[in-house]
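Here is a short note for a first look at this protein. Please read the points with the structure open.

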Amino acid sequence: MSARKAAPAFVKRSCRWGALRTKVDALIVGGGLIGCAAAWHLALAGMEVMLVEQASTGSGASGQNAGSLHFQIERRFLERKGGLGLEGEQTATLSRIAIDDWSTLEDRLGVSLHVHMNGGLMVAENADQVAILKAKADRERAMGLSVETIDGAEARRRAPYLSEGIVAANFMAAEGHADTRKIAPAFATAATAAGAEIQIRTRLTKLEWQGASFRAEIIGSEGAFTVGAKKVLVAAGVWSARIAAMANLHLPLFPVGLTMSASERTPHFLPHLVQHVAQRLSMKQTEAGNILIGGGWPSRLHRVDGIFDLSRPAELIIQSLRNNLSVATKTVPRVADLNLIRTWTGVTAVTPDQLPIAGEFPTMPGLFCAAGGSAFTLGPTFARLVADQMLERERDEADRLLAVASPARFDSLNGFMGR
Ligand SMILES: Cc1cc2nc3c(=O)[nH]c(=O)nc-3n(C[C@H](O)[C@H](O)[C@H](O)COP(=O)(O)OP(=O)(O)OC[C@H]3O[C@@H](n4cnc5c(N)ncnc54)[C@H](O)[C@@H]3O)c2cc1C
């Protein structure tokens with residue numbers, strides 16, 4: 001998308017005694033795209049930042065996901081009858097901001113992330129589905145998103161690969177996709193260059209609130225150490241509820257296993273993001289030519305003593321794979337001729353209202369969280385806005401934009417927690 005220069009690549013691989021800070025302005029837990037992006041913003045603003053990541057940057061959902069930049073109201077918000085995506089509509093303002101964030105990200109980071117924003121089609125196959133598309137587009141336009149409903153012939157004119165069974169589509173020009181494997185490491189490199197200390201293979205094991213600050217116990221490859229932090233950002237994805245529990249807080253985030261597949265490489269023919277309004281489907285073609293197929297088909301989480309085991313990848317459900325490929329080949333018939341080269345599972349986090357959680361805990365000032373939701377699409381925006389809150393920079397505006405995602409809406413869960 002743009003001319004790039006290589007950014008310096010230096011991420012600390014282990015604790016180096018003596019070099020480690022024992023006090024920081026901000027401790028970030030989790031080296032996914034949100035944690036690494038927040039570290040970059042905070043370090044650029046002059047904060048002393050330490051980020052701890054138990055594995056490697058991007059090893060969680062940030063590196064496993066479908067890479068869709070979907071700014072239309074998501075299909076999962078349409079599943080509940082009658083609601084027509086009311087919750088999804090509430091994230092429309094964030095989607096508008098995320099479009100701008102993604103459009104400039106490669107230039108700001110100085111690296112290629114294989115960002116392609118060539119438009120996205122959400123397709124329909126019958127009159128009921130078309131009615132949903134139209135009502136959805138009306139709502140999106142009312143929220144300031146630019147989307148048009150086109151008929152099947154126009155959809156095939158723009159996207160000749162679509163099946164004859166597609167009778168309409170909602171087209172949004174800003175939608176697209178990016179390379180999931182690049183994003184968190186790119187933010188980590190930029191954060192390190194800005195002065196953040198990023199410790200990989202380093203795990204937070206204990207977090208104590210001491211009123212005005214926090215005390216964190218951490219274990220790295222060279223042993224355990226303690227860090228004092230004025231502010232803490234929990235950006236630990238699906239593990240975030242466990243980190244919040246260390247601080248004696250309930251955080252209603254629940255793990256869900258999903259399924260993804262990639263075809264062999266084929267000459268480029270699919271420049272768009274393709275989704276289905278009534279079926280679980282996302283499709284796109286990578287820079288290298290593989291077709292990525294996903295859309296929310298479940299995989300099975302392992303359990304130990306009845307508790308979901310987040311240390312193991314979720315197990316593939318063959319029927320999910322079959323269903324996913326069936327929707328894909330029905331929508332874009334030519335993918336049926338391609339060999340599948342890889343199927344994988346990933347685990348992400350959902351909340352009771354399906355909306356993300358981003359902001360400061362009212363019951364524990366100084367503790368922030370950014371997790372849940374479709375945080376590949378919205379992650380860079382969450383990270384920037386939560387960093388603004390942590391910096392007390394344009395705080396009112398950040399609070400306003402993140403109000404829909406504030407942890408305050410689950411505050412009643414923590415009313416009985418002793419301190
Ligand atoms: C299969 C799949 C497909 C998806 N598709 C899309 C999509 O197309 N578009 C979209 O917008 N979203 C998508 N998502 C969701 C998206 O991937 C996530 O919302 C996003 O990546 C979350 O980023 P994160 O930084 O919050 O968390 P993660 O990337 O999960 O990072 C959290 C990190 O915290 C670390 N951590 C945990 N506990 C500790 C600890 N105690 N100490 C230190 N580190 C710790 C973990 O190792 C991990 O690296 C998908 C998710 C999946 C699984």
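1. Accessible area here comes from the Shrake-Rupley method with a 1.4 Å probe. On that basis the protein exposes about 17200 Å². Carbon and sulfur atoms supply 53% of that area. Keep in mind that this is a predicted model.

2. How many helices and strands does the protein have? Its secondary structure comes to 11 helices and 21 strands. The radius of gyration is 21 Å, close to the 22 Å that the globule rule gives for 419 residues, so the protein is as compact as a globular protein of that length. Along the principal axes, the C-alpha atoms fill a box of roughly 65 × 45 × 45 Å.

3. Burial comes next. Of the 419 residues, 56% count as buried, that is, under 20% relative accessible area.

4. Now the contacts along the chain.

5. Where do the domains run? The domain assignment gives domain 1 as 23–62 + 181–253 + 353–412. Domain 2 is given as 68–178 + 254–350. The contact between them takes 32 residues from domain 1 and 35 residues from domain 2. The C-alpha centres of domain 1 and domain 2 lie 27 Å apart.

6. Last, the charges. The protein has 45 positive and 40 negative side chains. How far apart are the centres of the two sets? They lie 4 Å apart.

Methods:
Residues numbered from 1 in each chain as written. Predicted model: local features only at pLDDT ≥ 70, side-chain atom pairs only at ≥ 80, totals over all residues. Heavy atoms only, no water. Helix = DSSP H or I, 4+ residues; strand = E, 2+ residues; numbered from the N terminus. Rg over C-alpha atoms; globule rule 2.2 N^0.38 Å. Buried < 20%, exposed > 50% of the residue type's maximum accessible area, 1.4 Å probe, protein only. Lys, Arg positive; Asp, Glu negative; His and termini not counted. Charge placed at Lys NZ, Arg CZ, Asp CG, Glu CD. Domains from an automatic or database assignment. Contact = heavy atoms within 4.5 Å.
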